[in-house]
Amino acid sequence: MPETPLERFVRKQGWVDPIGSAAEKATNATYRALGPAGTPLRNLMHGTYLLRHPLHPAITDIPIGAWTVGVVADYAAHFSHAIPESAGDIALIVGLLGALLAFVTGLTDFTDTFALERRFANAHAITMTVVILVMTLSLFLRWFAGAGAHPVAVALSTIGWLVLLLGAWIGGHEVFAIGYPVNRNAFVESGPEDWTPVGPEVSVPADGMVMVEANGMHVLLARNQGAICALSDVCTHVGAPLHEGSLQNGVIVCPYHASEFRLRDGRCVRGPATMDLPALHVRETDGVVEVKLADPLHEP
Ligand code: FES
């Protein structure tokens with residue numbers, strides 16, 4: 001599909017790359033400076049803990065919704081006097097508080113992007129930072145510049161809201177067009193719905209990982225205290241082949257961004273991935289390993 005002019009424009013903005021590198025370094029240094037609390041906090045911001053789903057897109061609904069309400073309230077107050085001017089101010093504040101959390105969660109996700117997804121993430125982050133600054137200036141005018149400045153403050157938040165729509169479009173493009181960070185396991189169309197042989201038991205190493213194919217699905221096999229475990233070989237973050245990573249104390253470490261999954265059940269225990277790996281049952285019949293999906297692929 002040919003690029004739209006807007007896609008091409010964003011893709012060509014190479015000048016933003018150093019800004020992105022600086023933001024990545026600063027974010028990583030901040031988490032490191034937090035010591036033992038850094039990793040759990042980072043997992044929380046990714047959504048690996050508690051939500052078990054990317055947190056940033058959920059949080060962005062707060063500023064987008066609040067600022068949309070704020071713009072409507074500003075004009076409703078101006079033209080009808082049915083609601084007070086303070087309604088728009090309150091919505092602006094709620095949006096700014098939500099935007100701060102969106103900023104932190106977004107920066108945390110940003111550190112694991114690269115190539116084209118990094119370029120669009122850069123553009124998204126810069127656009128949203130401009131929006132936060134414009135909205136903050138609007139709030140400052142509402143609070144400190146007197147009633148005469150209120151129309152200017154409303155104009156500013158209206159402009160900020162329009163730029164917000166552009167930033168939201170870029171963020172949506174990052175996910176829906178580029179596919180960052182979509183769970184690739186969602187696109188597996190076939191797998192071992194019933195017991196399927198995948199090779200001799202002796203082919204599974206004592207302390208490593210192998211990938212086998214089971215009815216079209218890439219399956220990782222490894223031993224946990226001697227017992228063979230089977231999981232999807234596809235990382236739920238952006239699809240790395242997990243058998244190319246490492247196995248440390250019963251935990252698989254992804255070769256791309258070091259997400260960690262428990263071997264015994266596929267539980268994601270460290271981000272940036274947020275979702276668990278699809279697990280498979282394992283049995284041995286006459287020295288042959290057979291696997292079967294623990295849960296059906298696409299049935300409700
Ligand atoms: S692909 Fe990013 S952590 Fe696995």
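Domain bounds in what follows come from an automatic or database domain assignment. On this basis the chain is divided into domain 1, residues 5-176, and domain 2, residues 184-293. The model is a predicted one, in which local features need pLDDT of at least 70 and side-chain atom pairs count only at pLDDT 80 or more, whereas totals for chains, interfaces and linings use all residues. Residues are numbered from 1 along each chain as its sequence is written.

The C-alpha trace of the chain spans about 85 × 40 × 35 Å along its principal axes, and the C-alpha centres of domain 1 and domain 2 lie 37 Å apart. The contact between the domains takes 10 residues from domain 1 and eight residues from domain 2, two residues being in contact if their C-beta atoms, placed from the backbone, lie within 7 Å. On the side of domain 1 that touches domain 2, helix α3 (residues 38-46) gives the most, with three residues. The residues of that side divide into one nonpolar, five polar and four charged, where Ala, Val, Leu, Ile, Met, Phe, Trp, Tyr, Cys and Pro count as nonpolar, Asp, Glu, Lys and Arg as charged, and the others, Gly among them, as polar.

The secondary structure of the chain comes to seven helices and 10 strands; helices (H or I, at least four residues) and strands (E, at least two) are DSSP runs, numbered from the N terminus. Of the 300 residues in the chain, 36% are buried, a residue being buried if 20 or more other C-beta atoms lie within 10 Å of its own, exposed if 12 or fewer, and partly exposed in between, with C-beta atoms placed from the backbone. Among contacts between residues at least 6 apart in sequence, 58% join residues at least 24 apart.

Two packed helices are described by the angle between their axes and the distance between the axes. Helix α2 (residues 17-33) and helix α5 (residues 86-110) pack at an angle of about 105°, with their axes 9 Å apart; axes are lines fitted to C-alpha atoms, for helices over the stretch in contact, and angles run from 0 to 180 degrees between N-to-C directions. Helices α2 and α5 are therefore roughly perpendicular to each other, given that angles under 35 degrees count as roughly parallel, over 145 as roughly antiparallel, 65 to 115 as roughly perpendicular and the rest as oblique. In this packing, Ala 23, Glu 24 and Thr 27 of α2 meet Leu 107, Thr 108 and Phe 110 of α5, and the residues of the contact divide into three nonpolar, two polar and one charged.

Elsewhere among the helices, Val 72 is placed in helix α4 (residues 55-80) and is partly exposed, because 15 other C-beta atoms lie within 10 Å. Val 72 and Gly 88 are separated by 16 residues in sequence and by 7.7 Å in space, C-alpha to C-alpha. In the loop between α3 and α4 lies Leu 50, a residue other than glycine whose phi is positive, near 70°. Leu 50 is exposed, because 10 other C-beta atoms lie within 10 Å.

Six strands form an open sheet in the order β1-β10-β9-β4-β3-β2, with antiparallel pairing; two strands pair if DSSP finds at least two bridges between them. The edge strands, β1 (196-200) and β2 (209-214), each pair on one side only, and neighbouring strands of this sheet are turned by 35° against each other on average, direction ignored. Strand β1 pairs with strand β10 (residues 288-293) in the antiparallel sense over four bridges, and Pro 197 stands opposite Glu 290 in β10. Asn 215, in the loop between β2 and β3 (217-224), has a positive phi of about 50° although it is not a glycine; Asn 215 is partly exposed, because 15 other C-beta atoms lie within 10 Å.

An open sheet of four strands has the order β5-β6-β7-β8, again with antiparallel pairing, and its edge strands are β5 (246-248) and β8, each of which pairs on one side only. Strand β7 (residues 260-262) is joined to β8 by two bridges, in an antiparallel arrangement, and the bridge partner of Phe 261 in β8 is Cys 268.

Cis peptide bonds were also examined. One joins Tyr 180 and Pro 181, with omega about -10°, and Pro 181 is placed in the loop between α7 (150-176) and β1. The peptide bond from Gly 271 to Pro 272 is cis as well, with omega near 20°, and Pro 272 is placed in the loop between β8 (268-270) and β9 (279-285).
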